[in-house]
Structure formats: structure tokens, C-alpha cells
Amino acid sequence: MGRLHRAFLIAKVVPHGGTQAKYRCVAAMHHHWCYGILPLRAVRRFITLLKKPLHQKIIHEELRLLDGQYGRQREEPKFPSNPCPFSSFLLITSFNVDCSENLEDAYVSGLGLRPSILSANSGIFDGGDDTDITVIDITNPEDPAYCFVPRIRGGYGPVSSAKYLGFTVDPPEILFSKSTLRLREVEGNGGIETGGHDNSELAAVISLQGERLITLEMLAEAWKDEYLVLFLTQEGDTAERSESVAFPIIPPLSDLALRPAVDYALKCGDTGELEKLLWLPGKADAIFEILKKYQPFPDNAISLLSQGLNQVDNGHVDLSSFHVSEEQIVSILASIRNVEILDLSHNPLITIHTVRVLLGSLPMLKHLVLLNTSITNEDLSSLFYDHPKLFYNLYSLTHPLLLTSKSKFPNAFAMIVLPNSSMSQLNVASLPFFTPTGLVQALTDYLRTCLNSSPSLFATHFSSSILPCAVLSSAPRTETETWSTRLVPMIASRYAKSAIDREGWIFGVNSDSEYGFFQVQAPDSSTSSGMDVPSSTTSSTSEGNTRNGQQQYDWQQHLPPRRAVALAPGWINKFVEQHQKLGRIHKVLDLKEFLARLSSEGRTPAPEAAVQNLFAVLHKLQSREIYNFSVMDLKKANRFLDQYHVTRKYSPYAYYYND
């Protein structure tokens, strides 16, 4: 089946100067080691994530922003290389991370987020004949479609999961027995048992049964150059078929009569009769759609809207697309108890002051959605910096600032894992706010993936640059949710410069797989014993050499030989000494001390059961013979800080860390 693999997301987007939406690629990635059942499992993970309503809302917003802005493949205006960062993030993490509660299914791979991204302008066959392909249609994330293109076997057209794995009949008839799964290919009136496919392959095929399959016409429309002949002969037919099935949806007559009724009720100032209709099936949604058209929103419709929202007694308040003012929002929410989820998207009246007021008045609020509002990235970043305590109880916030891994904001918590070799990447993920509940879950997910590691894979799991970002980007899960059904409301940033610049907490793992929680603070005389004096030569790696009574350390040992030789020792020495004057670590905390410190800051503690589960995972990890995962001492913590600066500046992957 090969080892190299490429995955593409396609969607219907209105091209620049056009009126009809056409399929095109909107996100792409490549994987260096993905074959057999792995692509099937990745597609299953991705489609499962698409079932989340919030994910669907974000993807729709990403696609909306593309309509009418760019040309088609290789046409001007040129399409951005990664215009849908959230969709791309879901795709890359689905292909590289599975923090399954079942350790046998736990899976971590990949080079990193940025190295995995391909340009959305890539041709479908640019990977060559030794690279298989996955394509997923996200035009309607509520009803996605998929296919595989087995290039290694010389294929150009779409095939299903069964055909991709070599089953000759699609879909296969799956028979369940008491002891095992078996496959029977149906031929005519009878059937024959077939071998060569194990239970894992059968399970992977079954998991995608029922999902729509992408057609050859869809691929030809998305990559017209690669499928030129087919595209030229079938484009007109495809467009005609699309138009022929696009019947207008005519609402029921009762709904058509609602608009005049709502207009009349609001004109008279009496919505009592309409409020009685809210309890009828479907009427609340129909009335809401009418109310969304009022700009500005009339004050005498507040009671009607509040009554409708009170029907949903699950703590979820969806005010998206209602043009309500800040005062009206406060009035509406005053009549609703225990608001946990609040969606204020698609309302230009929402300002950063609105957010500040609501966070201060809704102590139970856990999730806030702010898509397509007037709040700028700078506004939100400033609020993180000026009023961090407003976010102490908030689980997640969905805003454009937090939907790309390239964002920069004040750090509240960062996970930094140093590379275990000179050719590995620096692994960084940073959050602008957090809760102890979310951190306990993220650390559990992160450490648990290593319990199923063999000695050869242990370091790989720890050095995965995708894993920290994946676990920190997941919202706290309920008791009924699993990793595969998690909510991803935001994306952790891969920049942690503000953490190094003395902002927030750091969970650090050094190259010896030792960990610690600490904060970078202004240097003082008490940290002199924890400082390494840079070595004056490139050849000295001994820690016994001293200069001015202090221990020397050769920072170039963390660089590949050619890179180390190319750099003058004085450059690195001066660089490290400059950063040592800017900030040092004064105290290293273990897990228990860190959680106690968070409680002393006024944060709500994580559930005791979740904390005990994390300690159990940590204990198992420490008891293994691979690495004991102990707490680093102060000297190693400061060396960790210096090595971070050296790696970020001089490693072969420094391009990925530049701000």
C-alpha cells in the first residue's frame, strides 16, 4: 500500500467573478508514513469530528470567507496556501493523533503541524506514483463524502475503503460470528469465504460504511488540469445535473403566514399570542429566522426571543445572527439560568466591552463563540493581557484569533518539549487562558499515549510536535465523551515567546524526559547557581570544565554537526548570555505542587477523579524502565530555558519558530 500519503479537503466555492460554486481544494497535507488501515482510521476520526455542531459552524465560516474572493486552480486572484486553518488542523490531527482511552488504539505520528501542510493549490497527483491519496468533501460538513485514490496501484479515480484495501466486492457483506469477524464476497446466488484480511481491516472498512463516496466528476471539477479530458467532456453535464436537482425549498403555508403575524405583533407591541406558538414543534425556529432579519432588533421582541430560548433547558443559548445590542443581551440572559454555552456570532454589534461585561456576569459560562463580530484580534489579545481573571472559569473561546496555530497572544500556559535529538523539532503549544480541569485532561491525554510505547517509540511520542497542540486544543470532555468525540473549539498557538518573556506558566519536558512546571522571571543573584556558562569551544562537551568558577556547557551539542561547525562558538555564547540576563527560573514545581498553586490563584480545582487518574498515569510512566520521567532540578530547568533559545534560533527547523 505504500508509505507516503497525501490528504485533500475539497469544497464548493464561488470563484472570483463567478456566480456558481465549483469544487476546489481548500486544504491539503502530506504524511510520510501512512498506509494500510491508517488512512481509513484517519478518515473515520475526521468525519466523527465533523459531527460536532461547533466544528460545522467554524467550517461553514471558513468557506463563506472564500466565496467570490479567489480564482480557480492556477487562476488569478491566487488562492491562499492554507485558507482554512481550522479545517486543516482537524485533518492533520486526525491523521497523526489518537489519544484513545484504549491504549491499544493510541497513535501518534507526523513531523509537525507546519511541515505537514501542503498548499491548497497543489495538484492531486503532485506526490507522484508512489503516494496514495485521500480526498474528503466538506462543502456540507453535516454530510461529508470521502474517497481514496490508490496511485501506487496506478489508480486515478475514486475508490471506497473496501476497494482501497483490496476487497473485490464493494460494499462487502460483513458476517458477524461469535468468535470473529469474517468477510463473505457475494457472487450471484451464493457466496464464498475470502481470506487475507484480518479483523482490523474489516473493522476499518465497517467504520466507513454508509458514508457518501466522492465521484470522479467531483475530482475532475476540483483539479481540472489533472483531469483535463474528463473535465472538458463532462463539465457541462455535471453543471446541468447539479442545477436539475437544486429544487427550491418552499416553506409550509403556515410559516409563510408567520412573517406578517410577527410584524403585526411587534407593531402592536403585543407578542403574547406568538409566545403561545413557541411550544409547537418547529415554530420556535421559524419565528427565530424571522426575528434575525430585524436590524436593529426591536426591544418589544425581547420577551418573545427570551421565551423561545428558555425552551432549551440545557444551558445553551444561541444568539448567533440576532442583531441584539449589549443591553438587550444582558436583558435576555437575565431570564435564563445557568448559561454554560453562549454563541454571539454574526452580530456586528458585539464589542470587546460586551465580552468583558458577560464574562464578569456569567460565572457558569464555559464556552463562548464569537465568529464574524466586530471584535478584532488585537481587542481580544488585549483583554487576555489586561483581565486574565475573567477567563479563570472559561473552558473555551472560539474567535478567529484562536483558530490558527500562528496566532500570538499573552501566554497563560505553554507546553514546551525539547527535541531528543539535534534533528528533531522544538515542540511548543501555548494557550491564552486555561482551567485546571482542562489542563489535567490535556496532561493525561499527553502522558497516556506514551504508556503504550515500546522503547523505540517512547521518544517519538514525546517529541511529536503535533501532540502538545492537539491535547491543549481540546475542550474538557464530559463523562460520555471520548477523545474521538471531543470538541475542538480553538487551536493552541505554536508560539511561546511570551511564556519565555515572563508571562504565564510553562510545562517543560527536557531532552532527558524530565519534566517540571515553572515560570520565567527576572534574574537575580539567587539563580546564579542554576546558570550555565557557555563553553568557549565547540569541542568541549564535558561538564567538568569551568570558567570564572562556574560550569561550562557546550550548547552546540544540540545542533547537527554541520550546523555546529558552520557557527562560530562566540555567536551562540553571546546569544545565550544575553537571554540569561532577560529571564531565569527560580523554582520548579512537581504536579502536586503545581495544582496546589493554581488553587491558590483562585482557580476552580479539577475534579478529584480526573486528578487521581492523572497521578496514576504519571506513576505508571515513572515506574517504566524506558525513562523514569522525574522532576528536573533548578539547574536543569534553567538549562532547559537556554536550550530552548539555542534550538529556536539555530536548529535546522528554526524557520518554523520565527515570530
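User: How do you know that the span of helix H3 (residues 85-96) agrees with its number of residues?

Analyst: In this predicted model, the 12 residues of H3, taken at 1.5 Å a residue, should span 16 Å, and because the end C-alpha atoms are 16 Å apart, the two values agree.

User: What makes H3 mostly covered?

Analyst: A residue is called buried when its relative accessible area is under 20%, and 11 of the 12 residues of H3 are buried. Among them are Phe 86, Phe 89, Leu 90, Leu 91, Ile 92 and Phe 95, along with Ser 87, Thr 93 and Asn 96.

User: Why is the pair of Phe 517 and Phe 594 called stacked?

Analyst: The ring centres of Phe 517 and Phe 594 are 4.2 Å apart, with 5 degrees between the planes; since centres within 6.5 Å make a pair and planes under 30 degrees apart count as stacked, the label applies. The structure holds 21 aromatic pairs.

User: What does the pair of Phe 517 and Phe 594 tie together?

Analyst: Phe 517 lies in strand S19 (residues 515-518) and Phe 594 in helix H23 (residues 591-600), so the pair ties together parts 77 residues apart in sequence. Phe 517 and Phe 594 are both buried, and they belong to one aromatic cluster that includes Phe 413, Trp 505 and Tyr 515.

User: How do you know that Arg 151 lies over the face of Tyr 156?

Analyst: Arg 151 is at 4.2 Å from the ring centre of Tyr 156 and lies over its face, where the distance cut-off is within 6 Å. Lys 408 likewise lies over the face of Tyr 495, at 5.4 Å from the ring centre.

Notes: Residues are numbered from 1 along each chain as its sequence is written. This is a predicted model: local features need pLDDT of at least 70, side-chain atom pairs count only at pLDDT 80 or more; totals for chains, interfaces and linings use all residues. Side-chain values use heavy atoms; hydrogens and water are left out. Rings of Phe, Tyr and Trp (its six-membered ring) pair if their centres lie within 6.5 Å; planes under 30 degrees apart count as stacked, over 60 as edge-to-face and the rest as tilted. Helices (H or I, at least four residues) and strands (E, at least two) are DSSP runs, numbered from the N terminus. Buried means under 20% relative accessible area, exposed over 50%, partly exposed in between (1.4 Å probe, protein chains only). A charge sits over a ring if NZ of Lys or CZ of Arg is within 6 Å of the ring centre and within 35 degrees of the ring normal. The expected span of a helix is 1.5 Å times one less than its number of residues.
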